[in-house]
Amino acid sequence: MSHFKELFDTYNWDFSLKSIFDKTAVEVEQALVKDKLDLEDFKALISPAAKPFLEEMAHKSQLLTKKRFGNTMQMYVPMYLSNECQNICTYCGFSMTNKIPRRTLTDAEILKEVAFLKAKGYDHILLVTGEANKTVGVAYIKNAIQLIRSQFSNITIEVQPLDQDEYELLVENGLYAVLVYQETYHRDEYKKHHPKGKKSNFDYRLDTPDRLGKAGIHKIGLGALFGLEDWRADSFFTALHLKYLQKTYWKTKYSISFPRLRPHSGGLEPKVEMTDSDLVQLICAFRLFDEDIELSMSTRESEIFRNHIVNLGITSISAESKTNPGGYSVAPQSLEQFEISDERSTAEVVQMLKNQDLEVVWKDWEHFR
Amino acid sequence: MSQKLKIADKEFTSRLFTGTGKFSSSHLMKEALLASESELITVALKRVDVANEEDDILSHLNHNHINLLPNTSGVRTAKEAVFAAELSREALETNWVKLEIHPDPRYLLPDPIETLKAAEELVKLGFVVMPYIHADPVLCKRLEEVGVQCVMPLGAPIGSNKGLKTVDFLEIIIEQSNVPVIVDAGIGAPSHAAYAMELGADAVLVNTAIAVSQTPVAMAKAFKMAVEAGRMAYEAKLAPRSEMAIASSPLTSFLS
């Protein structure tokens, strides 16, 4: 099997969802005592039947995280390079039809943003763009990486899916990781939320981690956007995707993120609500499913939620994020992609982590080539 | 008093080597490492900012008795490992390197082929090479032949705290080796460390078990004592084990 799509096509959304809801307390208990969990165990842990076991899951998740990652938390920060976009996505502030001022940072503006973030202590950076191949295509991204490479040990991107040779070019130029979320694994719903633009091609997006694996990327970030469809089924398919990738591209590291729909310009109300309790259940389920996986938490979530979740399985966290190009120092008042929830400064988040006896890790990568 | 351990041109009183990852703060790391009395402390190059003299980890390890052992964690090939070693030699002014090549990011299992290639190259470049490897007796002899100064076979996967899962192979390695054998990875309790030393290992390297314990400083002391006890027991020669009970009043004593 050389593509995840071949495996994915053997699964049915409705059947998978029903099998999650059919899980029993006994199956949850069995999953909780196992050392190596399979996909059926994962289904049990994200099922409604697991709700009464949430505290037990949280304890085990905390223990496993501590064992594998110690008392540490990695810091990263996003930097939005452009809000130009040729896609229509029903849930995104950058959507082509939204009448917002568009901006793509120049070299000088990028360096101004970098100076601001370096002064805060960041060494791991996430570069974000909309999907506008003519203005922010691979040449623009490569230039941005070259421009900032000497200042960051770890450069990650979250941009439009690219071809394998384009990823190879970026890896050669110092790219460490790529985050690419499927948004939803529900093929029909995906189409409804992405009616126009290159992103409407479900299969091309689904195949992106395969292209990344073949290009020899160091880390791939996976996830679904919670609110578009049933979070349990989307999480199951994320786990299926993860397991396939780990076996196929065994030299690559993986991370999972848990974005919930946030308010934004031209906003879409979530179709499916994912409560705080659901999100805790899911994070713990992923930790129990795979004790080595990196789990990431953005500023989409509230201060209170983040204060607690850093001890339940999360291993990397952002702070003080701006989701508009130039938002830190160049154009602080411009329109954001979505509203962040935790608005504390980097120093405040760092202090919160230290208060919980967590060592803040700024640097954990080096390009040895 | 145990004989000192000699690796390359350095002598070590302590046979407990330690690591710097996973502590809740650099201050606690320092306190625990001082309590361990370890004289060789490995530090991941990918974690430190070698250009910065104020680096949080490095600045806490600035003690006369501490020798820094930079490791190449994060590299996936021999070529990257050689680059990393050269970087560390220049930045940290040491030609000692713990060679770690693990292309598998989940279990961090070492790549034997790339490790052997890198070791050969690094020895030629004048490094004191300490390779982290599987408990593979043949690989240990091959590494010895290319000139490494010790071998560091694993007891179990890194960070697993499972103890000596490779004991049968460690025994062969210890029996055959002409260079010091340092059991690295998997040691999760002082009893595991003592056991490795009783087997005849020359030293052990411990990180997670100290860093992640409830009280790292006390645990570091416990490991120090366990390593000393294990070494003392090895040097005192353990009493032979037997599957059968041997009566303290021998059955054949009447013959004399």
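In the predicted model, the contact between the two chains draws on 30 residues from chain B and 30 residues from chain A. The size of an interface is often given as the accessible area lost when the parts come together. Here, chain A and chain B bury about 2600 Å² between them, and carbon and sulfur atoms account for 49% of this area. On the chain B side, the residues that lose the most area to chain A are Lys46(B), Arg76(B) and Arg106(B); together these three residues supply 26% of what that side buries.

Chain A itself comprises 15 helices and 9 strands. Its radius of gyration is 20 Å, close to the 21 Å that the globule rule gives for 369 residues, so chain A is as compact as a globular protein of that length. Along the principal axes, the C-alpha atoms of chain A occupy a box of roughly 60 × 45 × 40 Å.

Among contacts in chain A with a sequence separation of 6 or more, 75% are made by residues 24 or more positions apart.

The surface and the charges of chain A were also examined. Chain A exposes about 14000 Å², of which 52% is supplied by carbon and sulfur atoms. The chain carries 46 positive and 53 negative side chains, and a distance of 3 Å separates the centres of the two sets.

Key. Residues are numbered from 1 along each chain as its sequence is written. Chains are lettered from A and ligands numbered from 1 in the order in which they are written. This is a predicted model: local features need pLDDT of at least 70, side-chain atom pairs count only at pLDDT 80 or more; totals for chains, interfaces and linings use all residues. Side-chain values use heavy atoms; hydrogens and water are left out. Helices (H or I, at least four residues) and strands (E, at least two) are DSSP runs, numbered from the N terminus. The radius of gyration is taken over C-alpha atoms; the globule rule is 2.2 Å times the number of residues to the power 0.38. Contact means heavy atoms within 4.5 Å. Accessible areas come from the Shrake-Rupley method with a 1.4 Å probe; for residues, only the protein chains shown count as cover. Lys and Arg count as positive and Asp and Glu as negative; His and the chain ends are not counted. The place of a charge is taken as NZ of Lys, CZ of Arg, CG of Asp or CD of Glu. Buried area is the accessible area (1.4 Å probe) that two parts lose on being put together, summed over both.
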